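Subject: Structure handover

Hi,

Here is the structure for your files. My notes follow it.

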Amino acid sequence: MDGKCLCGAITVRTPDKKNIDACHCGMCRRWGGGPALGVACGSDVQIDGVDKLKVYQSSAWAERAFCGECGTHIFYRLLATSEYFVPAGLFQNEIEFEFKEQIFIDVKPGYYEFANQTLNMTEAEVFAKFASSENIEGT
């Protein structure tokens, strides 16, 4: 799949994926003003325009990146596995995504609700599934 930021300075190429997930954690909501809608793209992600990329290590286990020119979010990446989660909106070429999963469902604020039927995971379930032997705290 091919995606790009608003200004086109950064492009992303990923393996074909069909599933979108939503994250309701406090960091994602603060980062984007609402839930993050992302595509789990694995570690095989090609990014061009890295000279414009700004990277912020948002926790002990992950970093987030955005375009330094237009501010578009480019990825959330797990440091231990180099797995990228790329915002679904970067991919504008008529991909038929399917909304599959919501994480941190127990910290989702009450002012919005998705109608889709998805797998829902709590904060504790997410940490149990993805945490390595490191102590991961907070969202």
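Lys-100 and Glu-98 form a salt bridge, with the closest N and O atoms 3.3 Å apart. A salt bridge here is a side-chain nitrogen of Lys or Arg within 4 Å of a carboxyl oxygen of Asp or Glu. Lys-100 is partly exposed at 36% relative accessibility, and Glu-98 is partly exposed at 44%. For these labels, buried is under 20% relative accessible area, exposed is over 50%, and partly exposed is in between (1.4 Å probe, protein chains only).

Please note that this is a predicted model: local features need pLDDT of at least 70, side-chain atom pairs count only at pLDDT 80 or more, and totals for chains, interfaces and linings use all residues. Residues are numbered from 1 along each chain as its sequence is written, and side-chain values use heavy atoms, with hydrogens and water left out.

The salt bridge count is five. Glu-63 pairs with Arg-77, closest N and O atoms 2.8 Å apart. Glu-63 sits in strand 7 and Arg-77 in strand 8, so the pair ties together parts 14 residues apart in sequence. Strands are DSSP runs (E, at least two residues), numbered from the N terminus. Glu-63 is buried at 13%. Arg-77 is buried at 15%.

Glu-69 and Lys-52 also meet in a salt bridge (3.4 Å, N to O). Glu-69 lies in the loop between strand 7 (62-67) and strand 8 (73-78), and Lys-52 in the loop between strand 5 and strand 6 (53-56), so this pair links parts 17 residues apart in sequence. Glu-69 is exposed at 52%. Lys-52 is partly exposed at 30%.

Next, Thr-118. It is in the loop between strand 10 (98-103) and strand 11 (119-121). Thr-118 is buried at 17%. Its side chain makes polar contacts with the side chains of Gln-102 (2.9 Å) and Asn-120 (2.8 Å). A polar contact is a pair of N or O atoms within 3.5 Å; within protein, one must be able to donate a hydrogen and the other to accept it, and residues adjacent in sequence count only if both atoms are side-chain atoms.

Three strands form an open sheet in the order 1-2-5, with antiparallel pairing. Strands pair if DSSP finds at least two bridges between them. Strand 1 (2-4) and strand 5 (46-48) are at the edges with a single partner strand each, so one side of each has no neighbour in the sheet. Strand 2 (residues 11-13) and strand 5 are joined by three bridges. Val-12 has Ile-47 as its bridge partner in strand 5.

Best wishes

Conventions
Helix = DSSP H or I, 4+ residues; strand = E, 2+ residues; numbered from the N terminus.
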